[in-house]
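Subject: Structure handover

Hello,

Here is the structure I promised to pass on. My notes follow below it.

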Amino acid sequence: MLVDQPILQIRDLSVRFGRAKIPAVNGVSLTVGAERVGIVGESGSGKSTLGRAVMRLLPPAARIEAATMDFEGAPLLTRSEKAMRGLRGNRMALIMQDPRYSLNPVLTVGKQVAEAATLHQKISRKDAYALAADMLGRVRIADIERTMALYPHQISGGMGQRVMIAMMLLSKPRLVIADEPTSALDVSVRGDVLRLLDELVRENASALLLISHDIRMVAAFCERVLVMYQGRVVETLTKLEDAAHPYTRGLIAAMPDPKRPVSRLQVLDRRAINEAGSAL
Ligand SMILES: Nc1ncnc2c1ncn2[C@@H]1O[C@H](COP(=O)(O)OP(=O)(O)OP(=O)(O)O)[C@@H](O)[C@H]1O
């Protein structure tokens, strides 16, 4: 469901690295309101580049061009680096596969969540720690006091994602880009992290872009799924059964369905995909 003004509006976005002939992202258009949108595709299809282009977190060799790339109604591409720094981790947030790279390695978990609290409201150090403890409780961290004293390398990936989400409960981002947020986690905690992400975006009426190669997981979680192939969106789906493009069907067949045992792993038929692609 779209709100009146879209949170993110992209028209004809292309990203090229150096002198590469084929753009990594090639003419992508996307409008996102307060909803969960999945972006799927095989490795190298341009999913992460798309997410990073929105955050303006690509290396200098990347050339980003777009007819429109607006966040909350204002263009992103013309903003200064300083303005972008003000947006990141604040109005827009990125969750990556290994949260330990996003957290500051020299600060304890407690200190960084408390620091996040002081960034968004004027409160004493003591109150910031109390608020940090509250937020860690909300993301269902069991042993809060002990966890607050640990450094990022001492916590598990699942706990790291919870800590990231706790910080976002404080900053209330309007746009959350989650790039393979559960692929490095134990199967047992994947569902928990997705549920917390869902709570976070619902509570703040934010937009979520969930990037993953796991089309089944994304389709189960998101209202809409964009399928990327060689930098382009080849299909947008609201349910997997509607998949018409052979590439999408290949992706579905390549992901084991937990409800149905697979006897043989399907291989993507490149020729059929390319023929369908040129007919688009
Ligand atoms: N920093 C970079 N410099 C040069 N080329 C890059 C860079 N980052 C990505 N690319 C290229 O852009 C294309 C898209 O890569 P991208 O990482 O966005 O794909 P992806 O779908 O996210 O893949 P994965 O699932 O493996 O993360 C690839 O061809 C990749 O080699």
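Helix H4 and helix H5 are roughly perpendicular to each other (angles of 65 to 115 degrees count as such; under 35 is roughly parallel, over 145 roughly antiparallel, the rest oblique). H4 covers residues 109-120 and H5 covers residues 125-138; they pack at about 110°, with their axes 8 Å apart. Axes are lines fitted to C-alpha atoms, for helices over the stretch in contact, and angles run from 0 to 180 degrees between N-to-C directions. H4 brings Gly110, Val113, Ala114, Ala117 and Thr118 to the contact, and H5 brings Ala128, Tyr129, Leu131, Ala132, Met135 and Leu136. Contact here means C-beta atoms, placed from the backbone, within 7 Å. By class, that contact holds nine nonpolar, two polar and no charged residues. Nonpolar means Ala, Val, Leu, Ile, Met, Phe, Trp, Tyr, Cys and Pro; charged means Asp, Glu, Lys and Arg; the others, Gly among them, are polar.

Two notes on the basis. The model is predicted: local features need pLDDT of at least 70, side-chain atom pairs count only at pLDDT 80 or more, and totals for chains, interfaces and linings use all residues. Residues are numbered from 1 along each chain as its sequence is written.

Helices (H or I, at least four residues) and strands (E, at least two) are DSSP runs, numbered from the N terminus.

Now the sheet. Six strands form an open sheet with mixed pairing, in the order E7-E8-E9-E3-E10-E11. Strands pair if DSSP finds at least two bridges between them. E7 (92-95) and E11 are at the edges with a single partner strand each, so one side of each has no neighbour in the sheet. From one strand to the next, the twist averages 20°.

E3 (residues 36-40) pairs with E10 in the parallel sense, over four bridges. Valine 37 has arginine 224 in E10 as its bridge partner. Helix H10 (residues 246-254) packs on the sheet and touches E3, E10 and E11; its direction makes about 105° with that of E10.

E10 (residues 224-229) and E11 (residues 232-237) pair in the antiparallel sense over five bridges. Tyrosine 229 stands opposite arginine 232 in E11. Two residues lie between the strands of this hairpin, and glutamine 230 takes a positive phi near 45°.

Last, the ligand. It is surrounded by 13 residues; the closest are Phe17, Ala24, Ser43, Ser48 and Thr49. The shell divides into four nonpolar, eight polar and one charged.

Best wishes

Definitions and conventions
Near = placed C-beta within 6 Å. Contact = placed C-beta atoms within 7 Å.
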